[in-house]
Amino acid sequence: MEKMEQIQLENVTFNVPEVLSCISKYQEHVRDIVNSNYVDFLSISNHDMLDDLKSLETDIKELIASTSQLTVDKSNVAWNDLRNYQRDLEEGIRGYKIARKLLSIHDLFESLNLSGNGYEKTAHILTKIKTMLDELDDPVLEELHFFQGLILRHETEYDKLLNDLDVTFNKLVQLQQRSFQNTKSVTIRIHKDENLLYQVVVTQLKTQHNFESVCQFLLENVFAPVIVKPVSLICDEKSNEQSVLIQLSYQLSVGEDLRPGYKTVLSNVMQIFYNLSNMNIVVSDDECLFKVLARQMKKRLCSLLMEQCLDRDIPDTIEGMKESSMVKDVCEFNTFLKTTNFVDGENDDLLEEYANSIETVHQKKLCDNVLDTAVQIMKHESHEMVLIEDHEYQFVGSTSARLSSCMVTRTVVDLKKFLDKVLAEAFANGGAADRFIQTIATILERYMVDVPMANEKLLFKIPQQSALFRNDCTYLNYWLQKNDDKLKDHSSFATISEALKACGEDIFQHQLNTQRTQMMQALNGFKLSIHLVELGTDQQRAVRQCVRQFELLKNVWQTVLPESVYKQSLSGLVDQFLREIMKRIQNLEDITTAIGNGLVLLIDIIIETLPNLFKEPSEIHQLVKQWTKLLQLRQILCGSLVEITELWAEGKGPLTMCFSAEEIKHMVRALFQNTKQRQACIASIV
């Protein structure tokens with residue numbers, strides 16, 4: 001195509017036809033190009049066409065520049081024609097640009113098939129095509145049928161590239177796993193074709209390839225089993241010049257006791273990473289394949305390592321922690337991951353932070369272990385009783401009060417010894433002292449809940465067990481008081497001390513209430529009425545049953561409870577018993593000689609047996625408030641009017657200690673017939 005000669009026009013009247021002829025000429029030329037080559041977008045092999053289009057673009061620019069230099073009368077008809085043809089020229093230019101863009105895209109497609117194109121260059125060409133397809137500088141492009149075909153062709157070529165990359169990568173990095181009935185075998189083979197692997201990985205990264213499938217395979221089939229199971233691991237990068245081999249096999253089901261220690265796990269993981277580094281293509285100073293993998297799997301890998309391995313292996317004993325090198329080992333492993341560029345910028349300090357927390361976790365595990373041990377001690381169903389001598393404890397608040405020995409369970413003795421050990425450890429390990437002491441508080445709180453729940457039936461039904469539990473709680477409370485100087489900074493122990501006393505007392509008081517109920521039920525047989533001619537077996541049985549109940553309590557309580565507690569508890573029951581017996585006797589309106597004699601016999605049984613409930617029988621006078629009254633009631637039942645009068649002694653005799661004047665008068669009326677002597681006796685009782 002020849003260049004248009006420069007037009008020098010001085011008068012538009014004589015030169016307009018030539019201008020219009022030039023416009024028409026190039027307009028037709030552009031139409032010919034579009035019509036002949038782009039209506040159906042046939043294959044064009046003449047690459048000189050682009051050069052011709054560039055020449056045409058130059059000619060059009062020169063034509064526009066020339067017409068702009070014309071001086072015309074804008075009212076002239078020729079001017080209007082010129083403007084119309086200029087619009088035609090603009091349309092021609094628009095068509096030219098579309099044609100040029102389509103031809104450029106087509107030429108790029110054709111270049112994809114050139115030999116020697118690598119994955120990177122192919123990706124680069126497809127990126128350029130995508131950019132041109134996305135730049136819709138003319139809205140008519142979207143309406144062209146063949147333009148949609150170009151978009152579809154790009155998608156096809158791009159998918160083909162991605163598929164080729166996947167196939168090639170899978171050939172270079174072979175990830176295989178086979179499951180059998182009880183075992184699983186995993187094989188990773190990395191071919192040493194570094195140049196090809198570089199091209200593939202670099203192109204995959206540029207195409208934003210998702211390596212999740214690789215990460216998932218490594219996590220599920222390699223790292224997870226290595227962390228939780230004993231594995232047979234073979235890593236070989238020297239015997240074969242063509243490839244590197246990583247092979248492991250393991251049982252599908254493994255007992256918890258066979259899980260590998262953390263040192264073995266870290267060693268295996270490091271060995272695997274060392275051999276996997278053969279596929280760690282370095283793209284730039286800031287990017288490599290390991291970094292890409294780390295961004296997708298490092299947090300999951302670290303979490304798996306910490307939760308399934310390291311947490312379990314943190315020592316739960318002080319001796320174990322002193323001998324452990326876990327903190328150092330984890331820090332060195334974290335440094336190894338950074339050295340191999342397995343970093344993601346977010347979780348790179350996760351393991352180091354974990355290493356710094358190992359001491360805290362150790363303390364927690366240690367205290368959890370302490371608590372578990374204490375709970376196991378509490379659960380021991382020990383029926384063995386241990387004598388606690390009076391110099392070993394103080395069950396009363398006053399230091400001047402006389403101390404006494406008592407019985408506690410072997411379980412609480414073992415628990416007390418364990419608490420001594422824990423407290424000693426707390427002060428030997430200052431850093432963990434607060435946590436140890438808090439654990440002691442938790443142990444005592446658990447004791448007040450767990451032991452009553454586990455032994456509910458025994459504590460509420462068997463008197464000896466309730467007495468032992470009361471002593472056990474008091475014994476633990478004594479331990480708190482003894483160590484008050486070591487625990488005084490922890491205010492919770494004051495509350496625990498009160499709660500321990502209340503817990504033991506509540507259980508024992510419940511037992512006392514049960515005994516009172518049983519006694520009152522037995523006394524239902526002790527019925528006295530005016531219709532009764534003489535006492536029968538029911539009244540005797542009721543009294544003897546109560547006496548027997550007291551003797552049984554003596555057998556199970558006297559050597560178990562502290563002496564003061566025993567005296568107070570049993571004397572209270574006896575006192576209520578006597579009060580109930582005497583109340584029923586005193587309520588009688590008429591007491592025959594037969595009934596009176598029968599009552600005396602029953603009282604004699606009581607007087608004979610009940611003092612023996614105490615080590616010093618004579619103490620019953622001080623311990624049982626109703627005892628003196630019972631003795632005086634017997635005197636009244638056996639005495640004559642004269643004797644009763646003398647015992648009253650005008651309000652100055654011994655009967656005045658326990659009886660009122662009205663009570664004595666009532667008894668006289670019930671025992672004696674209405675005679676002058678009875679009237680005289682009653683008259684003297686004032």
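Guide: What follows is a conversation about a sheet, some helix contacts and aromatic rings.

Visitor: Before that, what kind of model is it, and which residues count for local features?

Guide: This is a predicted model, in which local features need pLDDT of at least 70 and side-chain atom pairs count only at pLDDT 80 or more, while totals for chains, interfaces and linings use all residues. Residues are numbered from 1 along each chain as its sequence is written, and side-chain values use heavy atoms, with hydrogens and water left out.

Visitor: And how are helices and strands picked out?

Guide: Both are DSSP runs numbered from the N terminus: helices are H or I with at least four residues, and strands are E with at least two.

Visitor: In what order do the strands of the open sheet lie?

Guide: The order is β1-β2-β4-β3, four strands with antiparallel pairing. Two strands pair if DSSP finds at least two bridges between them.

Visitor: Which strands are at the edges?

Guide: The edge strands are β1 and β3 (231-236), each of which pairs on one side only. On average, neighbouring strands of this sheet are turned by 10° against each other, with direction ignored. For such angles, axes are lines fitted to C-alpha atoms, for helices over the stretch in contact, and the values run from 0 to 180 degrees between N-to-C directions.

Visitor: How many bridges join β1 to β2?

Guide: Seven bridges join β1 (residues 173-179) to β2 (residues 183-191), and the two strands run antiparallel. A hairpin of three residues connects β1 to β2. In this pairing, Leu175 stands opposite Ile188 of β2.

Visitor: What is the partner of Ile188 in β4?

Guide: In β4, Ile188 has Ile246 as its bridge partner. The antiparallel strands β2 and β4 are joined by nine bridges.

Visitor: How many bridges join β3 to β4?

Guide: Six bridges join β3 to β4 (residues 243-251), again in an antiparallel arrangement. Here the hairpin runs through six residues. Leu233 is bridged to Leu248 in β4, Ile234 is bridged to Gln247, and Asp236 stands opposite Leu245.

Visitor: Which helix lies across β2, β3 and β4?

Guide: Helix α9 (residues 262-276) does, running at about 30° to β3.

Visitor: Now the helices. How does one describe two that are packed?

Guide: One gives the angle between their axes and the distance between the axes.

Visitor: Then what are the values for α19 and α21?

Guide: The axes of α19 (residues 492-522) and α21 (residues 563-586) come within 11 Å and cross at roughly 25°. These two helices are therefore roughly parallel to each other. Angles under 35 degrees count as roughly parallel, over 145 as roughly antiparallel, 65 to 115 as roughly perpendicular and the rest as oblique.

Visitor: Is that crossing left-handed or right-handed?

Guide: The crossing of α19 and α21 is right-handed. A crossing is right-handed if the near helix is turned clockwise from the far one by less than a right angle, and left-handed if anticlockwise.

Visitor: Which residues of α19 and α21 meet?

Guide: Those of α19 include Phe508, Leu512 and Met519, and those of α21 include Val565, Leu573 and Phe577. Contact means heavy atoms within 4.5 Å. The residues of this contact divide into seven nonpolar, three polar and three charged. Ala, Val, Leu, Ile, Met, Phe, Trp, Tyr, Cys and Pro count as nonpolar, Asp, Glu, Lys and Arg as charged, and the others, Gly among them, as polar.

Visitor: How do α25 and α26 pack?

Guide: Helix α25 (residues 641-648) and helix α26 (residues 661-671) pack at an angle of about 175°, with axes 12 Å apart. That makes α25 roughly antiparallel to α26. Leu641, Ile644 and Trp648 of α25 meet Ala661, Ile664 and Val668 of α26. By class, this contact has six nonpolar, no polar and no charged residues.

Visitor: Lastly, how many aromatic pairs are there?

Guide: The count comes to eleven aromatic pairs. Rings of Phe, Tyr and Trp (its six-membered ring) pair if their centres lie within 6.5 Å; planes under 30 degrees apart count as stacked, over 60 as edge-to-face and the rest as tilted. Phe290 and Phe342 form an edge-to-face pair, 6.2 Å centre to centre with 90° between the planes. This pair links distant parts of the chain, 52 residues apart: Phe290 is in helix α10 (residues 289-313), and Phe342 is in the loop between α12 (326-339) and α13 (350-379).
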